[in-house]
Amino acid sequence: LIKGLKLTATDDSLKYNWDSKGEGSEHDAKILAIYDGKDFIEKCSSSTEVCGLVLDKTCCYAEQGGQTFDTAEIKSASGVEFSVDDAQKYAGYVLHVGTVAGKGELKVGDKVTLKVDFTRRALVAKNHTATHILNFALREVLGGKVDQKGSLVDEGKLRFDFSHNKPVEVEEMRRIEEICNQEIQKAHVIHFRDVALKKAEAINGLRAVFGEKYPDPVRVVSVGPTIDNLLGDSNTAWGAQHSIEFCGGTHVQNTTEIYKFVLLLEEGIAKGVRRIVAVTGPQAAVEATLKSKALRAEVDEARTLSGALLDKRIADLRKNVGEDKEVSLIMKKDMLTELDGLKVGQLKAGKEASKEFERRAREAGERLGREASAAGGKTFVGIVDAGDGCDDAKCLGFAMEVALKACSDKALMLLSNAGGKLAVLASVPKALVGELSAKAWSSKVLDAVGGKGGGKDDRAQGQAADPAKLDAAVATAKSYP
């Protein structure tokens, strides 16, 4: 463009002429060049597909410094519209990338008007200023050795990478989020000005990205103190009290416009580098909070459950809470801690319940063993009830162990449905094997109630899904052989 078309660089100073609440003016411009991805062309239309326009001046912010590009609408005097879906800067030239909408064509030399989507930019600005405040909060909590390693801000979120050699602790994240929201609520005015680089670098405590080459003059962005105060007082450690950075991006005018800061994610992305993702603004922050509250209600509801139902609910909630990327990270961590506590309590309660079920099963086995010993015949059928929620099969094993000590000369079949299934366990002493078969006995019972099982002639077991068929199972068992 410089050598071939002899064009001057794009004047993009108009990008700062706007109201960060989401309003701004249209601006006049002139098309200096059109690029179709391969060549510079004289005109474009809807058949050109995607192309880039170079204007003499623009109010669009081209993607740079971690801030996403503006979107906009360009309209010619004849009414031809061009949708700007991307804006990139190359060697001082801003390329407005997009397509012609509808009929007509745009030509080099056409005078046009340009209107940025300031509503979208206002959302981006909230996130951009919030990254500056986050950078300040990270140093407050994690120490002055924290350095920015990258950032990305768009209309939906902010992403900030920083040096730190270990995961950020939950209480540290809680404090970081707290500081960010305190700074937002202080209603700081955002001040900015182009300052000679040497003078700017002398500001006490100013933060700059390590290894970054800055222009001269450089734009200083201050959250709170005026630029005059920063330049006039070299004794005050401004950077230890406020966010002071070099930045060419677009920002809010007052921190209250950010509304609220909500952390969503903290993770490692490389050795010694961590990443934080957060959202700001009324809609995003409220949505994140509402989703968190909805999950919170589910966690609270889980506290009313017990046994297998609680186990399943804890597993489901851990999955849901862990996978949801749009929930407040602090609330998520708190909920996962609570779920871990519920799991520990459930395991403890489960162990205590298991011991109680075993005790009851053994008591029942002892009683049934005495009854079997006193009864006539070669077979005996008994029901074990160790209590609601027990493991029917396990409890029959405990009961049978005790019953056989009291009655070792008879074939025994024990049944249980207290735990929600219908379990069967048969045992035949060696003296009766050949005449009776535990496998044949249990198979006859299970076939009658739609169950399945297995085993040998001396011991066999099985289960059926319907606990209501206990009476039918008992009747079939008593009809054997």
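This is a predicted model: local features need pLDDT of at least 70, side-chain atom pairs count only at pLDDT 80 or more; totals for chains, interfaces and linings use all residues.
Colleague: Why is tyrosine 214 called partly exposed?

Modeller: Its relative accessible area is 22%.

Colleague: What makes phenylalanine 246 buried?

Modeller: Phenylalanine 246 has a relative accessible area of 8%. Buried means under 20%, so phenylalanine 246 is buried.

Colleague: How many aromatic pairs does a search of the whole structure find?

Modeller: The search finds five. One of them joins tryptophan 18 and phenylalanine 118.

Colleague: Why is the pair of tryptophan 18 and phenylalanine 118 called stacked?

Modeller: The ring centres are 6.1 Å apart, with 20° between the planes. Centres within 6.5 Å make a pair, and planes under 30 degrees apart count as stacked, so this pair is stacked. Tryptophan 18 is in the segment before strand E1, phenylalanine 118 is in helix H1, and 100 residues separate them. Both residues are buried.

Colleague: What makes the pair of tyrosine 214 and phenylalanine 246 edge-to-face?

Modeller: There are 75° between the planes, and the distance is 4.9 Å centre to centre. Edge-to-face needs over 60 degrees, so the name applies. Tyrosine 214 is in the loop between helix H3 and strand E13, while phenylalanine 246 is in strand E14, 32 residues apart.

Colleague: How do you know that the charged end of arginine 219 sits over the ring of tyrosine 16?

Modeller: Part of the test is distance: CZ of Arg must be within 6 Å of the ring centre, and also within 35 degrees of the ring normal. Arginine 219 has its charged end 3.8 Å from the centre of the tyrosine 16 ring, and sits over it. Arginine 121 likewise has its charged end over the ring of tryptophan 18, 4.9 Å from the centre.

Colleague: Why do glutamate 171 and arginine 174 count as a salt bridge?

Modeller: Their side chains meet at 3.2 Å, N to O. The limit is 4 Å, so the pair is a salt bridge. Both residues lie in helix H2, about one turn apart.

Colleague: How do you know that glutamate 171 is exposed?

Modeller: Its relative accessible area is 52%. Exposed means over 50%, so glutamate 171 is exposed. Arginine 174, at 28%, counts as partly exposed.

Colleague: What makes lysine 378 and glutamate 435 a salt bridge?

Modeller: Nitrogen and oxygen are 2.4 Å apart, and the cut-off is 4 Å. Lysine 378 is partly exposed at 44%, and glutamate 435 is partly exposed at 47%.

Terms used
Residues are numbered from 1 along each chain as its sequence is written. Side-chain values use heavy atoms; hydrogens and water are left out. Rings of Phe, Tyr and Trp (its six-membered ring) pair if their centres lie within 6.5 Å; planes under 30 degrees apart count as stacked, over 60 as edge-to-face and the rest as tilted. Helices (H or I, at least four residues) and strands (E, at least two) are DSSP runs, numbered from the N terminus. Buried means under 20% relative accessible area, exposed over 50%, partly exposed in between (1.4 Å probe, protein chains only).
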